[in-house]
Amino acid sequence: MHLIQVDSVQRWMEDLKLMTDCECMCILQSKPISIEKDEQNELFLSSQYSTGDNLQLLLKRAWIISTELSRIAQKLDKNRWQRVHSMTVRVNCHVRSMVNEYHTLSRSSAEGMHQLEKLLIDKCSEFTAFTERCLQTEDEEMLKSMKSGVNETLTTIAQYFGQLIELVLTHEAQHLLRQIEFSGSVCITESAISSLFSLAQEGSHLCRIIAKEGGVVALFKVCRQDCFRCLYPQTLRTLASICCVEEGMHQLEKVDGILCLADILTDNSHSEATHAEAAAVIAQITSPHLTFTQHLSSFLENMEEIVTALVKLCQEASSGEIFLLASAALANITFFDTMACEILLQLNAMKILLAACSDKHRVDTPYSRDQVVTILANMSVLDQCASEIIQGNGVQLLMEMLFEKSSSGNPAEVAACERVQQKSAVTLARLSRDPEVAEAAIKLSCIPRLIKLCRSPTERNNSDSVLVACLAALRRLAAMSPEGLEDSDFQQLVKPRLVDSFLLCTNMEESFV
């Protein structure tokens, strides 16, 4: 009723300032008429975001402003003052639009935000006026002296902008976490977790903000409440994203997160999707690429239960995706403790994994085969592993993996194929200390294939790591059966030092005759 009583023109005037199209402002105020060809590179914000999620709108606007500031710095270095000024006006418009949009869509503002907004807007206005004066100045010496001031102002704007975005994102994360922690509603909690997951996908910096604000604690609290069981997969997926940063790991350790994950994995009443997402968290926190490993002490205490549950998940996986998550977690675990390999041996994991490789519903991509051969390579350091390989027809599988090729040419898939070739050669080299394995490999013509990989760069996609692994495997097999090599292969690939054979193969040109 109040809206009806307000004069319609007055209402329109109030709404208009929040609906300003900053691209139109740029066209009206400062679109240069020039022969420069970089106008098509201007960044526009699609109108579809005005009714979308305010967080995504904010991130999109922030990305545009950040990119524009970088471009201003580039144009400034080239003394292209016309472009500097027009882009400054555009940044000014984007900053004002961002502030207005956020206040229109946001529930409240963080402490100190208004002061920072005023500082940023004032500095942007000052910057626009400054660049306009530079544009009107023809004296080269004067421009040089003004340039340092422009650079200083640009740096200040970038600092204010960074601080404001940090404050806004922290405020948004806090709001979402309050909803997760205090709402008993499944619907509200689901929506908040979904928004938090989207935020975490924007990069490690945002994951750090979420972790510092207690995101890991709040999400594990959800995973300990039966009333939210339907949200476990989504919650665990969000946890896996946040735990890619050290702050997330610290939070996980504080709330006994690994114990919670072990409980979920070993609880048969949970769905396969829940088990798979728990495996994804395990894969994330055990990644060999992480430099922080303080959490691993508590992991060792629960390792046997976790490994057992993951092997079962591999065995019963209903899809390739489920198998990939479970096998990736197992592969990572085998890197940091040999006890994991011994547990896997006791659980007949070798037999289960080898059987899975002949099931196209479970192992259907080079990524899955990469995880399997990683586990085999790490287990192959154990002497008992050789008999398991023989019984499970594992040498045949390793031979097939030496032929791994990408069907799509996708760079990630090509890299996965290289890893499969490398690790299968490493596994063969380690296992061939057992005469029975070496004999089986020789009968399957592994030696000619290894020679081909060494001599033909295209067969190994020019990978040096594959070459080194193949040379090592070849030398181990040649020691068992030297009559399997021609003299030229022996003289070039086996007899010299490994580094000399490596240099010979990397400098080798293929013959297309």
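Predicted model: local features only at pLDDT ≥ 70, side-chain atom pairs only at ≥ 80, totals over all residues.
Of the 17 residues of H17, 12 are buried, so the helix is largely enclosed by the rest of the structure. Among the buried residues are Gly 320, Ile 322, Phe 323 and Leu 330.

Attention now turns to charged side chains. Across the whole structure, a search finds 15 salt bridges. One of them joins Glu 126 to Lys 123, with the closest N and O atoms 3.4 Å apart. Both residues belong to helix H6 (residues 113–136) and sit 3 residues apart, about one turn of the helix. An α-helix has 3.6 residues a turn, so residues three or four places apart point the same way. Glu 126 is partly exposed, at a relative accessible area of 39%, whereas Lys 123, at 19% relative accessibility, counts as buried because the cut-off is under 20%.

Lys 423 and Asp 370 meet through their side chains at 2.9 Å, N to O. Lys 423 lies in helix H23 (residues 411–431) and Asp 370 in helix H20 (residues 366–379), so this pair ties together parts that are 53 residues apart in sequence. Both Lys 423 and Asp 370 are buried.

Arg 449 forms a salt bridge with Glu 459, and their closest N and O atoms are 2.7 Å apart. Here Arg 449 is in helix H25 (residues 446–455), while Glu 459 is in the loop between H25 and helix H26 (464–480), 10 residues apart. Arg 449 counts as buried, at 6% relative accessibility.

Methods. Residues numbered from 1 in each chain as written. Heavy atoms only, no water. Buried < 20%, exposed > 50% of the residue type's maximum accessible area, 1.4 Å probe, protein only. Helix = DSSP H or I, 4+ residues; strand = E, 2+ residues; numbered from the N terminus. Salt bridge = Lys/Arg side-chain N within 4 Å of Asp/Glu carboxyl O.
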